[in-house]
Amino acid sequence: MGKSTPHICHLTVLNPAIHSRIFFKEALAQVEAGYEVTIIGQDPAKKPYKRDGVRIIPTGIFHHRGPKRLSAPRRIYKLARKVGADLYQIHTPELLKIGKALKAELSGVKLIYDVHENYAANIKGGTSYPAWSKNGLIKRVRKIENNFYNYGDGMIYAEDCYEGMLKMPKKRVAFVRNKFAKPKNINFKTSSDRPPYMLYCGTISNTWGLGRTLELWNLLKEMEPIDLIIAGHTYNRELLDEIKDWTGEDGDEGSVRLIGGLNYLPYEEIITLINGCLFGTALYDPAPHIKDKVPTKFYEFMGMEKPLVFSNTPLWKKLNAQFDFGISVSYPFKSHKLERIYHELIQQRQPFYERNLTEADWSWDHEKGFLIKLVKKVLGE
C-alpha cells in the first residue's frame with residue numbers, strides 16, 4: 001500500500017534551500033495541498049530543520065566552481081535516498097542522473113524536472129564558460145535533458161518561451177510561471193527608515209544590468225542626490241571589491257550601498273527593500289537567451305506596486321503597454337527618458353498602478369494550481 005501522505009523532495013545544487021521559487025512558491029504550495037515536503041539544498045544550518053511545514057536538509061554553502069560543487073551531487077544522492085520520497089522534483093540538469101538512479105533503486109518513485117532556465121542558451125550567450133568549451137557543454141546538457149523523456153514522469157517550464165524546448169509529451173508538461181508570492185508575516189518597518197533610493201536587486205552581474213544601473217544612477221544624481229542600493233548575491237569577488245570602492249559613508253547623499261554579496265540575502269529582505277524603494281532597475285543585457293523571458297523581478301515589482309526602469313525589448317515593451325509597470329529605456333540613455341524618470345519616479349513619485357492590472361497577472365496564487373495539478377497527475381491521484 002502507498003503512503004497516506006505522499007512525500008515530495010526537491011533537489012537543487014546551487015540554489016539556496018530557502019529559495020524564492022523552490023521554497024516560498026512550490027514547496028509551500030505543496031504543503032498547503034497536503035503533501036509532506038523536503039528540500040535538499042544549500043543552507044548554512046548544521047542539521048536538518050523545519051520551516052513553515054517544510055523540512056530543510058542542508059548541504060552547506062559552497063562556490064559554484066569550488067571542489068564542494070563537484071562532490072555535491074554524490075552527497076545529494078545519498079541524502080535523497082535516505083529521504084525515500086514518492087516524488088523527487090529536480091531543479092538542475094546535473095541532478096537528473098541522480099533522479100534516474102533513485103527511480104531505479106527505490107520502488108514507485110516518480111520524477112519531475114523543473115526547468116528554471118534554458119541552460120543550453122545560457123551557456124551559448126553567457127560569459128561563464130570559455131568559447132572553446134561551449135559547443136561540447138551545450139550538446140551534453142541537451143542530451144542529459146532530453147534523455148529525461150525516457151524515465152521521467154513530468155516536466156515544468158518556468159517560461160512560456162520554453163514550450164517544446166525538450167522532449168516530453170504535452171500532457172506531462174505544466175507551465176508554472178515564476179510569479180510573485182508575497183512572504184507571509186513580513187515586516188516592512190525598516191524600509192521607511194532609509195533615505196530615498198533606487199534599487200538593483202538579484203544576481204549581481206553586469207549581464208543582469210549592474211553596469212547600466214550604475215550609469216543611470218550617475219546621470220540621475222546630477223539632477224538630485226539619490227542613493228543606490230545594490231542587494232543580492234554574486235560569486236565574483238573582484239566585482240564585489242569594485243562595488244565596495246564605490247560605496248559611501250553613512251549619511252552621504254547620493255551614495256551606493258551594498259547589501260549581501262557572497263551570501264544569499266533572505267527573500268524577505270529583498271521584498272522589504274523593494275517595498276521601500278522609489279523604483280527598481282531591470283537593465284538586463286537584451287541578449288537572445290534573456291529577452292524572451294519574463295524576469296521574476298517584473299512580477300515582484302508589480303505585486304509590491306513599485307515601478308521598474310527596464311531594458312527595451314519587444315516582449316517587455318508589450319507587457320508594459322498592457323500592465324504599465326515602468327519605463328523602458330534603450331542605450332545609450334536618451335535625455336527625454338532621463339527627464340521622465342527624474343520627474344515621475346524621483347521628483348513626483350508618480351504611482352504607476354492606476355491601471356487594469358489584476359492579481360492574476362502577477363500573483364503566484366494563479367500559478368500554483370498548475371503545479372498541484374501536475375503533481376497529482378504524476379502521483380496518480
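This is a predicted model: local features need pLDDT of at least 70, side-chain atom pairs count only at pLDDT 80 or more; totals for chains, interfaces and linings use all residues.
**Exercise 1. Work out how exposed K291 is, and what its salt-bridge partner looks like.**

Start with K291: its relative accessibility is 29%, so K291 counts as partly exposed (buried means under 20% relative accessible area, exposed over 50%, partly exposed in between, with a 1.4 Å probe and protein chains only). Next, find the partner: K291 forms a salt bridge with D292, their closest N and O atoms being 3.6 Å apart.

Residues are numbered from 1 along each chain as its sequence is written, and side-chain values use heavy atoms, leaving out hydrogens and water.

**Exercise 2. Find the partner of R21 and say which parts the pair ties together.**

First, look for the salt bridge: R21 pairs with D114, with the closest N and O atoms 3.0 Å apart. Then place both: R21 sits in the loop between strand 1 (7–16) and helix 1 (22–32) and D114 in strand 6 (residues 110–115), so the pair ties together parts 93 residues apart in sequence (helices, H or I, of at least four residues and strands, E, of at least two are DSSP runs, numbered from the N terminus). Last, check burial: R21 is buried at 1%, and D114 is buried at 0%.

Key
A salt bridge is a side-chain nitrogen of Lys or Arg within 4 Å of a carboxyl oxygen of Asp or Glu.
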